[in-house]
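Dear colleague,

Please find below the structure for your files. My findings follow it.

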Amino acid sequence: MFRLPVCPHCGTVYRYQDTRKAIRNKENTCYHCQKKFRARMFPFILIGASLPLVICIAVNIFLLTRMKSLQLLPLFAVTLAAILIIYLIVPFFTKFRKLQQTDQKQENNQEK
Ligand SMILES: [Zn+2]
């Protein structure tokens, strides 16, 4: 589950930063085999993301019960930390899928 995605064509393992870039792009070309793929998050992200959220809510409630006067800054900081954790773990919940084989070379030749 906690593994970085690999190219669906040649199995090249993608690094953290490359995975992040791939998620942003709609279409990706493998730097190794030059074939196209698409980055997709899989449903496990819901489990992975809900854990920091649950902790965040629990800590917020705990802080609220401890506070004598309402202070929003600690609550905000805890929530921000949870969002940051979710953001950081997203590449580990990503899988690369092959793009539909549309023969772009033929299309390009027809245009010329
Ligand atoms: Zn590849």
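R38 stands opposite R97 in strand 3. This is a predicted model, in which local features need pLDDT of at least 70 and side-chain atom pairs count only at pLDDT 80 or more, while totals for chains, interfaces and linings use all residues. Residues are numbered from 1 along each chain as its sequence is written.

Strands (E, at least two residues) and helices (H or I, at least four) are DSSP runs, numbered from the N terminus, and two strands pair if DSSP finds at least two bridges between them. Strand 2 (residues 36-41) pairs with strand 3 (residues 94-98) in the antiparallel sense over five bridges. Strand 2 also runs antiparallel to strand 1 (residues 28-29), to which two bridges join it. There, N28 has F37 as its bridge partner. Six residues separate strands 1 and 2 in a hairpin, and Q34 in the turn has a positive phi of about 65°.

Helix 2 (residues 44-66) packs against helix 3 (residues 72-89) at an angle of about 170°, their axes lying 9 Å apart (axes are lines fitted to C-alpha atoms, for helices over the stretch in contact, and angles run from 0 to 180 degrees between N-to-C directions). The two helices are therefore roughly antiparallel, a term that applies to angles over 145 degrees.

C7 is in contact (C-beta atoms, placed from the backbone, within 7 Å) with T12, C30, H32, C33, F37 and F96, leaving aside its neighbours within four places in sequence.

Yours sincerely

Conventions
Two residues are in contact if their C-beta atoms, placed from the backbone, lie within 7 Å. Angles under 35 degrees count as roughly parallel, over 145 as roughly antiparallel, 65 to 115 as roughly perpendicular and the rest as oblique.
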